[in-house]
Amino acid sequence: MERLRGLKVIVTSTDVHEFAEFLLVSSLEAVGTDVIDFGVNRDPEDIVKAVVETNADAVVVTTHNGVARSFGARLMSELTTAVGSSVPVFMGGVLNEDIDGSDIPVNVSEDLNGSGIETPGTIDRLIDRLIEHRERAVAAAK
Amino acid sequence: VSVAVLADFGSTFTKVALVDEADGRLLARAEAPTTVGTDLMDGYAEALKAARARLGGGNENGTELAASSAGGGLRVAAIGLVADLTAAAARQAALNAGARVCSVLAGSLGSAERDELERERPEVVLFAGGTDGGQRTKVLANASALAQCGIDAFFVVACNDEVADEVSKILSCAGHAVEIAPNVMPALGQLEIDGARQAILRAFIEHVIRGKQLSANPRFEQIVKMPTPDAVLRATQLLAKGAGSRAGLGDVVVVDIGGATTDVHSDRLLKPVTPGIDEPLVPVPMTVRTVEGDLGLRAGAPSVVDVDAEWLTAESAYRNPEDLSRAAAEREQHPQWIPEAEDERRLDDLLAVSCTAHALNRHCGRMLLRVEAGGPPRMVRTGPDLREVRRLIGTGGILAHNDASVALLRRGLQRKAPRSLLPRDPDVSIDRSYVLAAAGLLSTRNPEAAVNLLHRELLETDE
């Protein structure tokens with residue numbers, strides 16, 4: 001897909017679930033992005049370091065270990081300090097966490113969206129959102 | 001017999017070995033004090049004359065090769081963008097080139113970093129930053145910041161390949177000598193330090209050695225081929241991998257205890273596969289050199305006492321920490337001093353045990369359990385896993401001239417830090433004939449002869 005050719009996307013996971021990360025890497029490579037496979041089990045701080053060195057255009061994080069909200073908050077805070085707010089961040093997987101007062105982990109998608117993280121829900125919608133970001137960046141550059 | 005003259009200009013002694021260039025037999029060796037105050041070739045001539053006298057004269061037209069750590073060795077500053085990514089990769093490239101890394105700088109560089117470089121006066125600056133096709137803006141900004149630095153250093157540019165030419169132009173327009181090398185970290189998780197290492201070695205031979213003005217004799221610049229630690233690292237690799245008909249030994253570690261520093265060199269053949277254990281962000285190379293600037297027997301003695309006071313007071317005749325500090329200060333003030341009294345010799349031995357223990361524990365990785373808020377515990381390995389190392393070699397004056405040196409190294413090994421990946425039960429050899437640097441030099445001409453030299457002098461004389 002020419003519209004995503006050369007877009008540098010870091011793909012990583014908050015936990016050991018390699019399959020979800022592999023699925024994202026394969027799908028994003030198939031649509032022409034320049035995938036930077038950062039492996040699994042990464043900290044927010046490590047992801048930000050990777051963004052600085054690679055000058056990535058976007059970050060895609062998959063999570064299945066019930067830390068989505070706190071991980072996302074740390075990631076956005078560190079990322080904004082290091083490179084500003086120009087790099088879109090997407091999270092998917094199981095977006096839940098134990099919140100004070102909850103008996104079971106609850107969905108935290110709204111919290112993530114509030115902190116600026118996009119939660120497209122499917123890989124198809126993720127690709128659509130990447131295209132939109134690409135087109136907006138190209139238009140801004142003109 | 002074609003005789004190779006293999007010399008090591010050390011900070012205190014110049015060692016000369018005469019070796020049969022074809023089969024690596026050590027024919028004679030001698031040493032003389034290094035003559036930094038006058039002309040380095042004076043000490044070399046004296047050591048060479050003594051070695052030739054032991055051989056019975058003649059053989060005056062053989063190959064001459066030398067390594068040098070005289071005049072402070074090779075001082076390198078490592079620059080990167082992120083401390084534990086490109087800056088760490090640059091630091092390891094410099095260490096593996098045999099350098100003393102005087103500064104490691106990361107992030108957005110400005111006047112504070114320029115001041116640090118002007119204070120440390122590196123002879124080579126290894127400039128890294130960005131993966132290939134990655135970060136441009138910050139790398140170029142760092143180059144512009146460094147261009148104004150008032151240092152007379154050679155720059156090796158090993159950054160994002162897309163901006164390497166531009167970085168080189170910025171630095172050379174400001175009057176700096178520059179060579180472009182392959183990126184030390186072309187992609188995340190990929191360490192490619194050999195190209196930068198080679199460029200640093202070229203800078204050492206073509207610029208640094210001349211700039212030190214250690215000798216008025218042009219022969220000096222012609223025979224010096226590498227910094228001494230690089231020669232030792234080459235010998236470590238040769239022992240591990242073998243050459244020609246000589247098989248390698250497998251994983252090897254060398255501990256080099258000096259007056260100011262303790263170096264550890266290791267070479268591993270196989271990377272252990274341990275699923276579920278997180279590795280450092282920058283992969284650990286199979287060949288690693290580390291330098292501990294606070295662990296040494298003379299200039300480094302006070303800092304060894306700082307690091308290990310409790311153990312040293314418990315083990316030595318100096319039960320009072322103030323007396324121990326005074327004894328260390330004496331050693332710092334008199335770097336050539338060789339103790340005669342039993343208590344002082346014993347303290348030197350204990351300092352050597354301290355240097356071995358701490359340098360090895362820092363060189364080897366640890367297996368740690370990391371727990372962070374909101375996440376599950378994770379196993380993390382911080383550096384090389386050397387538990388299966390089969391051979392540990394000790395070198396340096398304290399070990400070469402000491403009957404108990406094998407026991408000293410074993411005692412250092414026993415002081416394993418919790419969860420450290422130290423060698424478990426290696427065979428131990430001592431470099432009594434100072435052949436490690438000589439073999440590293442000879443390997444540039446005849447690797448098989450160099451391995452023969454190492455086997456004969458280190459392994460066939462097992463203690």
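Cavities, interface and salt bridges

Author: The largest cavity holds about 60 Å³ of space. A cavity is a set of points on a 1 Å grid over the protein atoms alone where a 1.4 Å probe fits but cannot get out, and lining residues have an atom within 4 Å of a point. Grid points are joined across faces, edges and corners, and a volume is the space filled by probe spheres set on the points. This is a predicted model, in which local features need pLDDT of at least 70 and side-chain atom pairs count only at pLDDT 80 or more, while totals for chains, interfaces and linings use all residues. Residues are numbered from 1 along each chain as its sequence is written, chains are lettered from A and ligands numbered from 1 in the order in which they are written, and side-chain values use heavy atoms, without hydrogens and water.

Reader: Which elements of chain B each supply at least two residues of the lining of the largest cavity?

Author: The lining includes B:Leu6, B:Val16 and B:Leu441. Helices (H or I, at least four residues) and strands (E, at least two) are DSSP runs, numbered from the N terminus. The elements asked for are strand E1 (3-9), strand E2 (13-20) and helix H14 (435-442).

Reader: Which three residues supply 32% of the area that chain B buries against chain A?

Author: Buried area is the accessible area (1.4 Å probe) that two parts lose on being put together, summed over both. Chain B and chain A bury about 1600 Å² between them. The three residues are B:Leu188, B:Leu281 and B:Arg378.

Reader: Which residue forms a salt bridge with B:Arg378?

Author: A salt bridge is a side-chain nitrogen of Lys or Arg within 4 Å of a carboxyl oxygen of Asp or Glu. Between chain B and chain A the count is 3 salt bridges. With closest N and O atoms 2.8 Å apart, the partner of B:Arg378 is A:Asp43.

Reader: How many residues apart in sequence are the parts that A:Arg3 and A:Glu135 tie together?

Author: These two side chains meet in a salt bridge at 3.6 Å, N to O. A:Arg3 lies in the segment before strand E1 (8-13) of chain A and A:Glu135 in helix H5 (residues 123-141), so the parts tied together are 132 residues apart.

Definitions and conventions: On a 1 Å grid over the protein atoms alone, a cavity is a set of points where a 1.4 Å probe fits but cannot get out, and a pocket is an open set with protein on both sides within 12 Å along at least five of seven lines; lining residues have an atom within 4 Å of a point.
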